[in-house]
Every structure is written in structure tokens, then in C-alpha cells.
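Here are my notes on the model, point by point. Have it open while you read, and look at each spot as we get there.

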Amino acid sequence: MTETISGVGGLRLTGATLAGGQPGLVRIERGLVTDVAETPAALECSSAGADGTEPVNRREHLDLTGYVLLPAAAEPHAHLDKALTWDAVGCAPGDLRHAVVSWREWSRKLSPANVRQRALRALEDLVAHGATAVRTHVDLGPTASRLPVIEALVSLRDEVAGAVWVQLAALTAPDTPESVVRQALAAGIDLVGGVPHLADDPTAETRRLFALAEHAGAGLDLHIDEHLAPAPLTLLELARLARDTPLPRGITASHCVSLGMLAPSRRQEVVEALAQTTIGIVTLPLTNLYLQGRGWSSSPPRGLTAVQSLLDAGIPVAAGGDNIRDPFNPMGRADPLETASLLVTAGHLGVVEAYDAVSTTARRVLGLDPAGPVKGAAADLLAVKAESLSEAIATGTEDRLVIRAGQVIRRTTVTRSGPALSGVRSGRPEATELVATSG
Ligand SMILES: [Zn+2]
């Protein structure tokens with residue numbers, strides 16, 4: 001059951017366990033975490049009103065006993081215009097090009113109302129699962145026909161801004177004219193996006209998209225090298241461009257699949273080039289485990305980027321869910337804990353690193369202030385019913401509570417009923433009865 005709880009002013013959280021295993025009592029005022037303590041006495045001493053805030057007993061109190069309290073998640077890479085269409089499209093499973101063709105064919109007559117309804121449903125799931133910020137890519141085609149969809153999602157973004165921070169990136173196809181990209185930016189889209197590796201001249205497409213973002217003063221988020229071959233390597237070109245011309249609104253390189261397949265010396269060359277920039281990387285295990293390596297007769301690669309090499313070089317690596325049940329991936333729960341779980345099992349990160357990639361680093365890549373149960377941070381928090389962070393990621397329970405800017409915006413509770421397993425009488429005859437009757 002998910003319920004919406006109205007906003008409150010001050011909030012006091014008690015009973016929760018923090019990611020490090022220690023108790024965490026949290027005081028929140030005006031959207032910020034103003035204090036974190038391990039005992040009620042410490043929290044109440046420090047919140048006695050010396051700073052002019054209201055006394056502790058006049059704040060709303062929430063008992064989070066049995067929950068682990070974490071920074072809220074952020075989804076750095078979604079496709080809300082495609083979400084929840086797998087069954088309707090009805091295509092066979094396949095690789096990236098198959099998905100692109102299937103989607104283009106099916107989505108020709110897509111109405112803005114249909115996109116809005118599915119996008120809102122996907123956003124609802126993302127928020128209930130703990131994401132208080134979401135970046136979504138939105139398709140632009142060869143004509144201006146997708147602009148009404150862009151306008152519908154710009155409206156939706158603004159309507160839900162109190163609950164979730166949505167950023168829109170124009171997913172520019174290689175055959176999308178620059179005039180259409182400019183129209184999308186004028187309609188209110190936040191970032192320029194694209195897929196240079198699908199263009200006939202990937203390097204020229206990388207430069208075209210970079211220039212469009214630079215001239216518009218917009219951020220840039222590109223689908224980069226979403227393939228297993230050593231070429232094209234547009235990530236290196238993007239790093240060169242970013243080194244020479246940093247964009248104030250930020251540059252994100254999503255996917256970067258081929259980086260994980262390069263020979264070590266070539267991979268290190270690219271990583272060192274990235275380290276000279278402020279580019280943030282977004283890895284997308286759920287979709288790339290599905291799309292890449294099809295047709296390999298044995299030992300198919302995992303399709304992930306070189307996560308550990310990037311982290312070792314100090315480069316921010318965020319992780320997202322990408323597709324939510326569309327032609328690019330029939331799976332996906334719109335759940336950052338699902339992504340974190342895959343980072344542990346398929347990406348071999350520790351649980352702390354994995355959750356950081358879907359929360360703190362994801363917010364950083366989105367250009368947002370830090371959040372979490374830390375004094376001075378934004379009070380965007382996720383409480384998961386679990387004894388530890390590893391249990392929260394492993395079970396992925398729906399039993400969660402989501403706080404945005406100090407307000408509880410979603411609470412989902414799970415009820416399991418039935419007798420104790422040891423108290424259930426068998427519905428079948430006992431073995432001794434079977435022996436007796438068969439004799
Ligand atoms: Zn994508």
C-alpha cells in the first residue's frame with residue numbers, strides 16, 4: 001500500500017539505523033538536515049532553541065525503528081517517453097538496433113496524452129522507490145513532430161516539481177535537424193542529448209551535439225559508445241571537447257559500454273583523458289546486460305563500462321535504470337535498489353559504493369546539492385525497512401518511506417499474513433497413513 005502524506009514544517013526522525021550501522025536521529029528544518037545524533041539526549045540538547053528554531057516537541061515526530069535511513073536515490077538516466085510499452089509494442093527480444101527500429105516504427109503516432117500518462121506512472125514508481133530527482137531523455141525524430149510530446153513532458157516536469165526534480169534531455173537522432181533541437185530547447189527542455197555512435201560519422205555527430213549545447217548554454221548528456229567494439233570511440237572525442245571547453249551546465253557520458261571492452265592500455269588512455277575533465281559517467285547495468293552480447297556462443301560480456309578503472313581515477317560514476325519495460329528492455333522496476341543490486345553482482349562493487357552510485361554520485365552528476373542524513377545536507381531521504389544497507393539492497397523491499405525537502409511524500413507499507421510455518425497442519429495424509437492404507 002502506498003499513501004501520500006501531506007507536508008510538514010520541522011521533522012524529527014528517531015529509531016533509524018544509518019548506512020554505517022550506527023543509530024541516526026535526525027532533525028530537519030526548512031528542507032535541510034540541521035542535526036544528526038546517536039542518542040535522543042544529544043539531539044534534544046542541540047535543538048533546544050539556541051538557534052531560534054522552534055522547540056523540539058513542536059516538530060512532527062516520525063519513529064523509524066526497523067528502518068535504515070539513507071540519502072534519497074536519484075535516477076540519472078530514464079526514458080519516460082518509452083516507459084511501459086513492452087507489451088503494447090510486442091516486438092521480439094533483440095539488440096540495440098532491433099530495439100531502435102521497433103520503437104521508431106511503433107511510436108510514429110504517439111500522442112502527448114499517452115506519453116504523459118505513462119511517464120507519470122513511471123515517475124510514481126521511481127518516487128515511491130526513493131528517487132527524488134530524475135533525468136529523462138525524450139526522443140527527437142527527423143521532423144518537428146515530437147515537439148508536442150516535449151511540451152507535454154515540460155508541463156509534467158513543472159507540475160511535479162514539488163515532489164521530484166525532473167530534468168529533460170532531448171535525445172537527438174543523427175537525422176534530427178539542428179532547427180528541431182533549438183525548438184525543443186525553446187520549448188523548455190534542459191539538456192542536449194544524442195547517440196553519436198549510431199551516426200554515419202560519430203565524431204562529427206559528437207561535435208555537432210556539443211556545439212548545440214554550448215551555443216544554447218545547456219547541459220549535455222550523450223549516449224556514448226553503447227556497443228562492444230573498440231570503434232567508434234566517441235568518449236575520447238567528448239573528453240577532448242570537454243577539456244578544451246567545459247560547459248557550465250555539465251557534461252554526462254551515459255553507457256560507455258565499449259570502454260569496458262578496450263585493451264588495458266587504450267582504456268587507461270581514455271580514463272586519463274576523462275580525469276582532466278568534469279564529465280560524469282552513468283552506467284546502466286540493467287539495460288546493457290540485456291542488450292549487449294547477444295549472439296555470443298559462449299561467455300558473453302556483461303556490457304558494463306570500466307566501472308572500477310573510472311572510480312580508481314576519481315571520476316564520478318553514477319548508475320541508473322535506463323529503460324522500464326519497453327523495447328530496449330522488457331524488465332525494470334523503476335527502482336534504484338534494483339540497479340544497486342546489479343552493481344554488486346554484475347559490477348562487483350561493494351554495497352556502499354553501489355548505493356552511492358544511485359544516490360550521492362547520481363545527484364552530483366545531475367548537478368544537485370548533496371542530500372542525506374548529514375548535517376547541512378538537503379533533507380531528501382529514503383528509509384527502507386531493513387536492518388542494514390546490504391539487506392535493503394538485497395531484498396529491495398517495497399516497504400519504504402521517502403522524504404523530499406523535509407516532507408514525507410510517499411510511504412509504502414507491506415503486510416505479510418498467514419500462520420507461522422511451524423504451525424501449519426499438512427493438507428496431505430501423513431506418510432504413516434499412506435503406508436497403512438496401501439498395505
Ligand atoms: Zn538511454
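1. H77 comes out as buried, because its relative accessibility is 0%. H79 is also buried, at 5% relative accessibility. Buried here means under 20% relative accessible area, exposed means over 50%, and partly exposed is in between, with a 1.4 Å probe and protein chains only.

2. Both histidines hold the zinc ion: its donors are NE2 of H77, NE2 of H79 and NE2 of H223, at 2.0 to 2.1 Å. Along the sequence these donor residues follow the pattern H-x1-H-x143-H. Donors are N, O and S atoms within 2.8 Å of the metal (3.2 Å for Na, K and Ca), and since water is not among the atoms, a site may look incomplete.

3. Before going on, a word on what we're looking at. This is a predicted model, in which local features need pLDDT of at least 70 and side-chain atom pairs count only at pLDDT 80 or more, while totals for chains, interfaces and linings use all residues. Residues are numbered from 1 along each chain as its sequence is written, and side-chain values use heavy atoms, leaving out hydrogens and water.

4. Now the whole chain. It has 16 helices and 17 strands; these are DSSP runs numbered from the N terminus, helices being H or I of at least four residues and strands E of at least two. The radius of gyration is 24 Å against 22 Å from the globule rule for 439 residues, so the chain is as compact as a globular protein of that length. (That radius is taken over C-alpha atoms, and the rule is 2.2 Å times the number of residues to the power 0.38.) The C-alpha atoms fill a box of roughly 85 × 70 × 50 Å along the principal axes, and 55% of the 439 residues count as buried.

5. How many aromatic pairs does a search of the whole structure find? It finds one. The partners are W103 and W106, with ring centres 5.7 Å apart and planes at 35 degrees, so the pair is tilted. For the cut-offs: rings of Phe, Tyr and Trp (its six-membered ring) pair if their centres lie within 6.5 Å, and planes under 30 degrees apart are stacked, over 60 edge-to-face, the rest tilted. The two tryptophans sit three residues apart in helix α3 (residues 96-106), so about one helical turn separates them. W103 is buried at 1% relative accessible area, whereas W106 is partly exposed at 30%.

6. Strands β3 (residues 23-29) and β4 (residues 32-37) pair antiparallel over five bridges; pairing requires at least two DSSP bridges between the strands. R27 has D35 in β4 as its bridge partner. Two residues lie between the strands, and R30 in the turn has a positive phi of about 45 degrees.

7. Some backbone geometry to check by eye. H255, in strand β12 (residues 251-255), has a positive phi near 80 degrees although not a glycine. C256, in the loop between β12 and α9 (264-275), also has a positive phi, near 50 degrees. H255 is buried at 1% relative accessibility, and C256 is buried at 1% as well.

8. Last one: which residues does a cis peptide bond join? They are A231 and P232, with omega about 0 degrees. P232 lies in the loop between β11 (219-224) and α8 (234-244).
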